[in-house]
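Student: I am new to this structure and would like a close look at one part of it. Please pick a single place to start from, and then carry on from there.

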Amino acid sequence: MRVDLSCPIELYDFLLPTEEYPYCSLTFFNLEKKAVVSVQVLLIMLNSEGKEVSRLLQRAVDLRGESKQLFEANIPCEDSQIEQLDISVEKVWFDDATVWRKSSAPYQEYTPNALPANALRENLRYVAGADAVGFPSEQGPVWVCVCGRPNASSETVCRRCGRDKLQVFEHYSPAVVQRMVEQRDRAQQEQFRKEREEAAKREQERRDELARKRRRHHMRVTIVAAAAILVLGSYVFVVYGLPAIRYGYAQALLDNGDAQKARTAFAALGDYRDARQRVRDSDFGVAMALLGSGDPADRAEGFTRLDAMQDYPVAKLQAQKARYIEAGDAMKRGDYAQAEALLRQVGEYAEASEMLKEAVYQLASQEMDAGEYAAAGQRFASLGDYRDAPLRTKDCTYRQAGQAFDAGEFARAEALYTLVKDYLDALDLARESVYQQAGAMQAVGKYEEAIRQYEKLGGYKDSADQAKQCVYAPALGRMRAEEYEIAAKMFATIPGYLDADDMAKECVYLPARKLWEEDKLQAAIDQFRTISGYKDATLLANQAAYRLAQAQQDAGDTAGAAQAFEALEGYQDAAVRALALRYQMAAAEEANKNYEKASALYAALGGYEDANTRVKACQYAIAVGLAQAGDWAAARQAFEALGKFEDAEDQAQLCLYAQAEEKRAEGKLDEAITLFGQLGKFRDAATQVKATKYSQAEAYEAENALQQAGKLFESLGNYSDARDRAQLAYDKWLSGIQEEATRAMAAKDYRKALTILENGGVSLDGLPKQYAALEDIYRQVNLAYAKQLYDSGNPLLAYPYLDRLRGTREADKLLGEYVYLILGNWDSGKDGELSFRPDGTCTVGGVERYFNVEGYALMIGDAPRPLVRTHSIVSISTKKMSLKWDESGNVIKYTRTSGAPT
């Protein structure tokens, strides 16, 4: 067997669904210490061969599965024909809002340890308790408890019963159980021996006492008899006047067995001594005398009297004993009915219960032999596991079913056979009963009921075909009654059966043909289209559609007619007529100057007549309209899309020229220059480019953007006075800057000189040739300012200015200092990374700090000032560096990974 060891609940029992109760009833045992409120299970339905039929994932809610208790979950399941069921617990919800979900872990295989119901299992239960089912066993990853629960080998306590694993294997092994049972048996035997000895002793004492009583009885009888004779002979008064004498007389009567007379005598004494109790003793004597009679009426009276004396000591016991004896006599002579009646009144006396079972068994056997199977079955069922009663119970039900089947009561036969479906061929006969029942219903025209019965049978005999016949026959009737729609639906439910497929189509064809003949063309078309290919349905549908399309055209519905003819592709000249109508529609739109719509309509016609040319003509007209509206960009795009159609290329260029002029008029000179430039040699576009640039340069000059103005004038070459204008712009821009910067340098105010030059836009490239000297001044100022900063102890502040001059001899010499070579990112491998940045910050040991280099000393601190020497630079190059850590004395080698210098 398989088990999901992680599941917090386990399946205890289940009942398959029936027609009367369409639920799968599942009984679970809650293994957890909290209550279960909901369960989701996967039910896999199997047929009699163990093959999967269907699956059902369902959740049962509103449960109350208390800890370590059984609880029930009912899952709706309409399939009452399933033979087997595989159940998988998917989710479990608890009252503390936690949810257990089935994992992907595989099921664990194990072998159940359940013992059969024999003496061995009873011995185990004597030692382990009433819930024990088998001896514990180790099975690799699983150990099976004495209660039958499989547990993971790592679990030390059984999840079901809570027994300790070690104690289970120590106390409930076969050897231990056998030893415990032997000890019990020896103790019982000793107890029985003592009880027998005690009983023998009591019996001897009872016999001795009985002998003494008999001697006293004979003496008393003799004396009483003599006294009675004396009294009778002397004086009547003595007999009736002295109570003591009368009491002794009554007792003598009772002792001599004349209980009835004794009762009369004791009753006459009233309350004298214990006369009333002696009346009860006499009544008991009368009842016992009646029981000893051979007359059945007297014996019955005796039982009645004893039953009325239940409060009298030993009355009940004597009644049980008498009935038990009489029942035994009845059993011997075969009167089992009387034996049963007597034994049911005996209760637990002696072996009455076993004798009663035998009496009932024999009565049931007699009834079964007489063909009274219902009564016999009830009797056998009442006997539980006595002898072969379970088998005989099933046999009685089986025979009842046979009687019902022979009598044509097939529904009752099915129900009875189903009750014992695992007995002999009952399952097959149950199916045969359903089959016969369905056939009977079919014969009298109860087709729907017959279908339901046939469908219950699955593949039994020809049930499937018979079920279809129960649809086919009434469908033909509906068809003959011209109820075509209903008949068609019925035929459609049995595809492939006989000619049902064709008959379903015929039920559409016939009314469609009638509509066609009545000129109800659209309705006929709709019907014929559903059965295309059947008989001449397609042809008739096309004929009707063609006539409708022609009618639409005649009525002036050109679009509708075109669509209708298009739908008839391949029929006669429908396709050509559709194209002609579409062309007509396009021409009408073109005539009405709806060029967009006309273009789309022409385009849809492909190569029909001159449709492609008309598309371009419509597009040309659209482009002209855009140009007339002044939308030069859209017009140009439209003309360009037409390629070489008519003068579209020239029109596109004219639109671009007009667009450039428009931008220039709007003052958007940059855009105008770009647009004029795109025209190349078209008209005077090249001249217009220069003129527009000249205007742009003048605009820059007016805005005092002298550098831009000079460059733009200079780019125009010999155009007009552009060269002179360029020189004037440069002079205005740079002459004053050069003079101011020179004076600042002379005063060694390098910072001011640098500010003047940079604010004026001076850099190392982009200056006019006549002012090339300014580039040298700019270099000198950067170098001088860098040296000034370096000499003042701020080498890192000097770095940006030196970096600008990289490649010059003096700058490169300074950049070779350790303070600059150390800049960048370094990695030592296992000893970590270092990072040094031009702004004076660094990362050492993963911490952000500040640094400087003085000679070979690397200075580091938590603030820019003060800094403390922490390392010595042993060696450094553009790629490698060795640092000595002053604190430890360790020398660590680093490799540059990124960053300056370059």
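Tutor: In this predicted model, the loop that runs between β5 (52-60) and β6 (70-76) contains Gly65. With a relative accessibility of 0%, Gly65 counts as buried, because the cut-off for that class is under 20%. Although 30 residues separate Gly65 from Ala35 in sequence, their C-alpha atoms are 5.2 Å apart in space. Ala35 is also one of the residues that Gly65 contacts once neighbours within four places in sequence are set aside; the others are Asn30, Lys34, Val36 and Phe71.

Helix α20 covers residues 521-529 and helix α21 covers residues 537-554; their axes come within 9 Å and cross at roughly 150°. The two helices are therefore roughly antiparallel to each other, and their crossing is left-handed. On the α20 side, the contact is made by Leu521, Gln522, Ile525, Phe528 and Arg529. On the α21 side, the residues are Ala537, Thr538, Leu540, Ala541, Asn542, Ala544, Ala545, Arg547 and Leu548. Sorted by class, the residues of this contact are 9 nonpolar, 3 polar and 2 charged.

α21 also packs against helix α22, residues 558-566, where the axes come within 8 Å and cross at roughly 160°. That angle makes α21 roughly antiparallel to α22. This crossing, too, is left-handed. Here Tyr546, Ala549, Gln550, Gln552 and Gln553 of α21 meet Gly560, Ala561, Ala564 and Phe565 of α22. The contact of α21 with α22 has 5 nonpolar and 4 polar residues, and no charged ones.

The largest has 53 residues, and within it the most contacts belong to Leu757, Ile822, Phe836 and Phe851. Helix α33 (residues 773-791) supplies the largest share of this core, with 9 residues. Ile822 touches Phe836 and Phe851, and beyond these Val853, Leu858, Ile873, Ile876 and Met881, when its neighbours within four places in sequence are left out.

How values were computed: Residues numbered from 1 in each chain as written. Predicted model: local features only at pLDDT ≥ 70, side-chain atom pairs only at ≥ 80, totals over all residues. Heavy atoms only, no water. Axes fitted to C-alpha atoms, helices over the stretch in contact; angles between N-to-C directions. Helix = DSSP H or I, 4+ residues; strand = E, 2+ residues; numbered from the N terminus. Parallel < 35°, antiparallel > 145°, perpendicular 65-115°, else oblique. Left-handed = near helix turned anticlockwise from the far one by under 90°. Contact = heavy atoms within 4.5 Å. Nonpolar A, V, L, I, M, F, W, Y, C, P; charged D, E, K, R; others polar. Core = buried A, V, L, I, M, F, W, Y, C linked by side-chain atoms within 4.5 Å. Buried < 20%, exposed > 50% of the residue type's maximum accessible area, 1.4 Å probe, protein only.
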